[in-house]
Amino acid sequence: MIKFLDLKDQYYRIKGEIDSAIHDVIESSAFIGGKFVKDFEAAFAGLQGCRHCIGVANGTDAIEIAIEAMGLPRGSEIIVPANSFIATSEAVTRSGHRVVFCDCGPGNYTISVSDLAQKITPRTSAVIPVHLYGHPADMDEIIRIARSNNMKVIEDSAQAHCAEYRSRRVGSIGDMGIFSFYPGKNLGAYGDGGAIVTGNDALAAKCRMIANHGRIEKYNHEFEGRNSRLDGIQAAVLNVKMRHLEEWTEKRIALAARYHTNLRDCTEIVLPRCESWARHVYHLYVIRTRCRDELAQSLKNGGIETGIHYPIALPRLKAYQYLKTPISEMNAIAYDREILSLPMGDHLSMNDIDEISGRILDFFNNAATTSKDRY
Ligand SMILES: *Cc1c(COP(=O)(O)O)cnc(C)c1O
């Protein structure tokens, strides 16, 4: 049995550190705010090379709060890639703006820069590129387009802790960046957690206030905010895990390289592309094949778990039918039937990757594939 994700295996490798960190939080009653959250914010800002980090309750809140802090005109359009988790677009609507979907590129699956330029109208106020699967979006181009159209840029880095665009860590390249610490992310808490990062002092101060009831001091509130705080136990868990993150990230990169070596001659699969300017941190290792469902079933029969991220591209969801997005030409729509996420994470060994790759090659050797299944 090869698991897609195994958080228990990871826990047992760092159990001593985790148990004592959680115990320390309880001993000091630092449940909300306090030392552990403060330490986390400083360490994570350092890790991502950002001036400010504000811990919040989850990644979705982080996007909503970042949008609110920017004070964009009410009802303005915000461009979001068609292939992402719904949180990205949901946060746009929740904060009173209109979602406009943009296609993803054919190479690394992040937002298509050419389609982005097409989707801009006089009502566009911002774009939220997603560093999807752990691969950075093409930030220089995105920022160039955004600046010449008076748009803000929020980097959805929920899947891209430690990823780099031209040697810069993601999150602080645009105006603001957001991260999620959902347990399955590359850096995951033991519950929900999220963070906003930025180099802008005023935006950082605004986000911190929005996330904490708009308060200046305990019972003095400058405006109505909300309650979205990272708690002490999650911060303490993240502080422990951050010490291992670089090693775990390098391991993901090495496992991905092994998949690549094993599978590169298979003409029925498109392997993930890592651009020359990117540090891809492989939150997900996503291949494409026209025999996706059959391959997934065959791997499952052999005890290998896989996933699909995401099986229904956002514009095809019932939730977004009202937008009437023209989807016929979109890569994101063509790909949602072909993408397959193979097991990836620090719970795996090189032998596991060889085993999975061998099963995939066997599948294509035995399957009655035709020329139209090849790329
Ligand atoms: C996980 C994720 C989010 C949301 O994070 P939560 O912490 O689950 O709210 C946002 N965007 C993307 C791309 C994600 O993968």
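1. A friendly start with the rings: this is a predicted model, and the aromatic pairs in it come to 15. One of them joins phenylalanine 101 and tyrosine 320, with 5.0 Å from centre to centre and 85° between the planes, an edge-to-face arrangement.

2. Where do the two partners sit? Phenylalanine 101 belongs to strand 3 (residues 98-102), while tyrosine 320 is in the loop between helix 10 (292-301) and helix 11 (331-335). The pair therefore ties together parts that are 219 residues apart in sequence.

3. Now to the ligand, which you will find in the largest pocket. There are 15 residues around the ligand, and those that come nearest are Gly59, Thr60, Asp156, Ser180 and Lys185. By class, this shell has eight polar, five nonpolar and two charged residues.

4. Two helices deserve a look when you trace the shell around the ligand: helix 4 (59-70) and helix 5 (87-94) each supply at least two of its residues.

5. Which atoms of the protein face the polar atoms of the ligand? For glycine 59, a polar backbone atom is 2.7 Å from a ligand oxygen. For aspartate 156, an N or O atom in the side chain is 2.8 Å from a ligand nitrogen. For lysine 185, a polar side-chain atom lies 3.1 Å from an oxygen of the ligand.

Conventions. Residues are numbered from 1 along each chain as its sequence is written. This is a predicted model: local features need pLDDT of at least 70, side-chain atom pairs count only at pLDDT 80 or more; totals for chains, interfaces and linings use all residues. Side-chain values use heavy atoms; hydrogens and water are left out. A residue is near a molecule or strand if one of its heavy atoms lies within 4 Å of it. A polar contact is a pair of N or O atoms within 3.5 Å; within protein, one must be able to donate a hydrogen and the other to accept it, and residues adjacent in sequence count only if both atoms are side-chain atoms. On a 1 Å grid over the protein atoms alone, a cavity is a set of points where a 1.4 Å probe fits but cannot get out, and a pocket is an open set with protein on both sides within 12 Å along at least five of seven lines; lining residues have an atom within 4 Å of a point. A molecule sits in a cavity or pocket if more than half of its atoms lie within 2 Å of its grid points. Helices (H or I, at least four residues) and strands (E, at least two) are DSSP runs, numbered from the N terminus. Ala, Val, Leu, Ile, Met, Phe, Trp, Tyr, Cys and Pro count as nonpolar, Asp, Glu, Lys and Arg as charged, and the others, Gly among them, as polar. Rings of Phe, Tyr and Trp (its six-membered ring) pair if their centres lie within 6.5 Å; planes under 30 degrees apart count as stacked, over 60 as edge-to-face and the rest as tilted.
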